[in-house]
Amino acid sequence: MDHSTEARAKRKQPPNPATADERPMKQIKSALGSFEPSTNGAHANGLDASLDEYGSEDEASVGIPHAVASADTAEWQATIEKVVSNVVSIHFCQTCSFDTDAAISSEATGFVVDAERGYILTNRHVVGAGPFTGYCIFDNHEECDVYPVYRDPVHDFGILRFDPEAIKYMPLTALTLRPDLAKVGVEIRVVGNDAGEKLSILSGVISRLDRNAPEYGEGYSDFNTNYIQAAAAASGGSSGSPVVNIDGFAVALQAGGRADGAATDYFLPLDRPLRALECIRKAEPVLRGTIQCQWILKPFDECRRLGLTPEWEKAVRERFPKETGMLVAEVVLPKGPAHTWVEEGDVLIKVNGELLTQFVRLDEILDGSVGSEIKLLIQRGGDDVEVTLNVGDLHVITPDRFVSVAGAAFHDLSYQQARLYVVAIKDAGVYCCEAAGSFRFEGSESGWLVQTVDNKPTPDLATFVEVMKAIPDRSRVVVTYKHLRDMHTLNTSIMFIDRHWNKAMRMAVRNDATGLWDFTDLSNPVPPTAPVPRKANFIQMEGAQHAAAVDVVRSFVRISAIMPLKLDGFPRARKIGFGLVIDAEKGLVITSRAIVPYDMCDISITIADSIIVDGRVIFMHPLQNYAIIQYDPRLVQAPVKTAKLATRTIKQGEATIFFGFNQNLRPVVAKTAVTDITTVAIPASAPTPRYRAVNLDAITVDTNLSGQCGSGVLVAEDGTVQALWLTYLGERSSSSNKDVEYHLGLATPMLLPVIEQVQQGIKPQLRILNLETQTVQMSQVRIMGVAEEWIERVEREDPERHQLFMVRKVDANHGGGLAEGDVILTLNGKLITRVSDLDIMYTNDVLDAVIVRKREQIQIKVPTVPTQELETDRAVLFCGAILHRPHHAVRQQISKVHSDIYVSARMRGSPAYMYGLAPTNFITAVNAVATPNLDSFVREVAKIPDNTYFRLKVMTFDNVPWVATMKKNEHYFPTIEFVKDGSAAEGWRRSMWENGKVTRGEGEMMPEIMDEGAGEADAADGGILASNAQTGR
């Protein structure tokens, strides 16, 4: 299976794959989040996996490598010609995380095993355990949709169905499955199809038939079967490829290989796939029995050490003279049928009185005994032990449904996961297969077992659903949970339950008749409980000096922001930090935009470490990195203090007191001094443009605490706040692939004009110069043509700052006025030597500017732009892509905005991910109809029938045009539109489009971690009670 989503050759493409710090190649399928058992990448549960998982391909050679077909005999060549018409390339999505499988888009191989009915055999890790969409491409490049009809609960095979009538230009034939022809020494060929483009063949010789199933680490692994090993002429392989002999019979199914370069491949025997196929042909259920015990083949010498007696060894060798080992119990699940009866290390002698050494025969007996009993004779330390066990149904302990609620997805624990971690399936807790939304646990996206919610046990899915039905929206409840890798530790968190952005609780049930998962709404949300006023007192810092200064602690509140939809390229779904109360009577708080990046969010404000109230966004500054939010002060009975803000700008070298909150969210204080006040440039994030402060005068101080604290103030001894200490979101590090954050001070006088308007109930309507500046010194401006009298005036009027500003970058679609390289002398007659001097732009539609351009001093009119248009007020979720107008950061970093349809993020496993529509793309047309804005886009895509291909004309961030073909999928990824609306409860109105019309009600998104570009996974900043070591970073 290949899902490296490799780059197509395209101009402006670098010779090497893009590294994490580069913008991904937008016209291609990005390799981000890649998972695939038969290549390298992250495993299904989001954890890193080794190259040994299923194959040994590297990024440069995925799929089946080109092999030695030229050396084949005429007989082999004739066989290959017959086989290739049966081999198909499978392109598919696993649309959401489920059990061991992450949401992915990928490619693999399969082959026709029933041409009349349209059945294709491939691997189980291709079909997956959860929702699947896909299509196959035949050798003549005809295409048709495929749907799963069977995926084995344990073994690595699955069966897809296609419509034979859809293939019109080639005769359909099928490969015959002959597991009996797999013998040591048989020469074989592995015939694969590399991404539907090139036939590739692997040659080899079967060397072993009795290899234990390879362990692929965490996630899905086959077990309770032997594997066939081949000495191959080249390493690697394509998942689901047929392994054929010279007569053209399929003797095995390719499944994996080594990653260390050794010429070894591993194949699944076809005994059980053949039996499953025959059942499906007869429309009979594929019965699968289990005693919840994993067996492993061990050679006779090891069996003897475990207690196998000479008498039994002799009997087995005489009965099976070619066998070299026996089955030994490896894992016995607690509370399972074999628990207390079979122990690890037991050697299996007989089943129902029959000597047995092979997995195939054991499977036959178990599958034929579902619901009844079997008798085992085992040897334990040399003693014969006979036990009678009930045989359970393997399908019953393999989940076929999940529930999505509060943005996360849950199902019962599977046998696959329980076996891997030796955990009892019964009453283990409900399994969180997508830790997102309200259940965004810290440390991993999957693998969590929820034990209790709101102090009520949740041993299984049914109980969990009943508990969640009773919890009101916006409740904060205690949740206890364990991770499968650490069942010793019970974690405890307080979770904010979201039933407003994610209103419906939905059950998805697998339908093997249609190949789809059917969704049913289980309950409507319980309305929120009305908040009540609460009392609290702030902590006392009795040991601290400067009592008036540290009393500023009564002006700080903790802020948690949860973003339900990734907009504006922001890399997180949850952030924690602090804010400063600027008006206690009105409940106004100022905080960093690195904590509250946009207003589609849930804001929780914690006061005095005791009272939690909801907040809402009042104002967001377009340049200076702060937002003003508000809470209801009537709910707070605590001595909250309005911070006294300084009206005089703090000076370099001036003594001050640093008061901040460290990585443990604890207040710290230190006497310090201002080391510098300088104009800084926060680096832009090249891969994913997102909000950053520009044209900024930043304060630095002489204390190590300043680097440890993301929130705080500089405060005078009398308690006057001289500057805010804020977190500034910067670029993404190329070495660590993490987002860099800067901690800097912002002088309070710059805030006062805006704060005064907000206190009066006026929303500031600022205007700005749509450009970015940088400082230039006198030595530089002289060379650039600034006259000596201007240099003298600068030195005279601002003895502290001998500098001017040069335009470094103008925003996209700049409509005249200043140009890049201009040196600004005055605006409306005011000499510009400090960033604060630029504040004149906020209240003027046009500025009179004196500038130096190309060594010539000129006077021009400079228009300003309104900031209301810079914030995102509408978003469309289409085929898993989040689309909105290019936000301010995009306009800052690009020279031309190609359209008003910008791809901000996409969901893994979606059509957008599958067909390569990537973040930072612009969509300019749909089916050759120009779509310059979201209105025209929504109108055109509404005309497209479901499950139908359409064309998108796309422009990359780097001005490379390309055309994407996509298939619409409204079943899993409906079109949902979000529009900012002050009358709506959440501030946004939502509607869903189906069959070209807006439907009543509100659309539900798939529970999925979103990919906003070359980014790290979201951090879970969720209130862990056991530890306060949270940074919100």
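Residues are numbered from 1 along each chain as its sequence is written, and side-chain values use heavy atoms, with hydrogens and water left out. In this predicted model, local features need pLDDT of at least 70 and side-chain atom pairs count only at pLDDT 80 or more, whereas totals for chains, interfaces and linings use all residues.

**Exercise 1.** Determine which strands pair with strand E26.

*Solution.* 
Step 1. Strands (E, at least two residues) and helices (H or I, at least four) are DSSP runs, numbered from the N terminus. Two strands pair if DSSP finds at least two bridges between them.
Step 2. Strand E25 (residues 430–434) pairs with E26 in the antiparallel sense over 3 bridges. Within this pairing, Cys432 stands opposite Trp448 in E26.
Step 3. Strand E28 (residues 476–483) also pairs with E26 in the antiparallel sense, over 5 bridges; here Thr452 is opposite Thr480.
Step 4. Strand E27 (residues 456–457) pairs with E26 over 2 bridges, again antiparallel. E26 and E27 form a hairpin with 2 residues between them, and Asp454 in the turn has a positive phi of about 55 degrees.

**Exercise 2.** State whether Thr591 is buried or exposed, and describe its surroundings.

*Solution.* 
Step 1. Buried means under 20% relative accessible area, exposed over 50%, and partly exposed in between (1.4 Å probe, protein chains only).
Step 2. Thr591 has a relative accessible area of 1%, so Thr591 is buried.
Step 3. Thr591 is found in strand E35, a member of a closed barrel of 6 strands that runs E33-E34-E35-E38-E37-E36 with antiparallel pairing.
Step 4. Contact means heavy atoms within 4.5 Å. Leaving aside neighbours within four places in sequence, Thr591 is in contact with residues including Ile559, Val596, Tyr626 and Leu726.
Step 5. The side chain of Thr591 reaches the backbone oxygen of Phe578 at 3.0 Å.

Key: Polar contact = N/O pair within 3.5 Å; in protein donor to acceptor, adjacent residues only side chain to side chain.
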